[in-house]
Amino acid sequence: MSGFPLAALHRAARDRPPPGPAVERCDMCAAELDGGHRHLVDLLDRRIMCACHPCRLLFADDHTHQRYRAVPDRHLRLAGPVLDGRAWDELQIPVGLAFLFHNSAREQPVACYPGPAGATESDLDPGAWDRITAAHPVLATLRPDVEALLVRRGADAYLVPIDACYELTGRLRTRWRGFDGGQEAHAEVDAFFARIDGLSRPERRTP
Ligand SMILES: [Zn+2]
Ligand SMILES: [Zn+2]
């Protein structure tokens with residue numbers, strides 16, 4: 001019986017990339033990223049891209065017309081109910097969870113809600129958005145495409161980076177059961193809101 005080519009096997013194992021989680025890289029320049037890296041939004045393809053710090057800085061300015069925009073790191077807890085029952089009814093979303101943002105490509109506010117197929121986007125009545133903004137003037141500073149108003153029926157509302165909303169949507173997609181998401185999805189939402197709350201400072205309201 002011939003010997004097993006163990007040396008060759010070892011060599012092959014050595015040449016293979018090490019096991020474990022794949023290294024995340026900047027989607028712009030391929031630099032290696034750590035777990036706490038930040039993101040850009042690709043406005044054309046509507047997708048989130050991982051980015052290193054120097055690449056993010058290139059796209060930090062909202063006022064230049066560029067394809068990519070850096071996602072800021074602002075987390076605010078809004079005081080009082082942001083959407084009342086009427087506003088929820090007007091939104092016409094089947095679940096009590098949504099994120100609202102200004103879509104600059106469509107030049108209007110939109111509402112997204114998570115579900116088994118990911119995020120569903122629908123137009124938000126501009127009148128409804130104006131009412132919300134009048135009650136919470138800080139929302140006039142919401143940066144298009146990269147910041148969102150995250151709302152949950154009967155809970156606090158938060159101004160958050162939009163990548164957080166897509167992260168939540170991604171987590172819910174795989175756990176969604178039935179019409180409203182089911183128990184596991186609800187637990188996921190609870191944990192997510194607790195984390196966002198921990199990151200948030202209160203909205204400063206002018207009297
Ligand atoms: Zn980069
Ligand atoms: Zn990333």
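How many disulfides does the structure hold? The count comes to zero. This is a predicted model, and the count rests on a rule: a disulfide is a pair of cysteine sulfur atoms within 2.5 Å. Cys 26 is buried, at 4% relative accessibility, and Cys 55 is buried as well, at 9%.

The zinc ion (ligand 2) has His 37 (NE2), His 39 (NE2) and Cys 50 (SG) as its protein donors, at 2.0 to 2.2 Å. Along the sequence these donor residues follow the spacing H-x1-H-x10-C. His 37 sits in the loop between helix 1 and strand 1, while Cys 50 belongs to strand 2, so the pair ties together parts 13 residues apart in sequence. Both His 37 and Cys 50 are buried.

One joins Asp 42 to Arg 67, with the closest N and O atoms 3.0 Å apart. Asp 42 is in strand 1 and Arg 67 in the loop between helix 2 and strand 3, so this pair ties together parts 25 residues apart in sequence. Asp 42 is buried at 0% relative accessibility, whereas Arg 67 is partly exposed at 35%.

Arg 69 forms a salt bridge with Asp 145. Arg 69 lies in strand 3 and Asp 145 in the loop between helix 4 and strand 8, so parts 76 residues apart in sequence are tied together. Arg 69 and Asp 145 are both buried.

Technical notes: Residues numbered from 1 in each chain as written. Chains lettered and ligands numbered in written order. Predicted model: local features only at pLDDT ≥ 70, side-chain atom pairs only at ≥ 80, totals over all residues. Heavy atoms only, no water. Donors = N, O, S within 2.8 Å, 3.2 Å for Na, K, Ca; no water. Helix = DSSP H or I, 4+ residues; strand = E, 2+ residues; numbered from the N terminus. Buried < 20%, exposed > 50% of the residue type's maximum accessible area, 1.4 Å probe, protein only. Salt bridge = Lys/Arg side-chain N within 4 Å of Asp/Glu carboxyl O.
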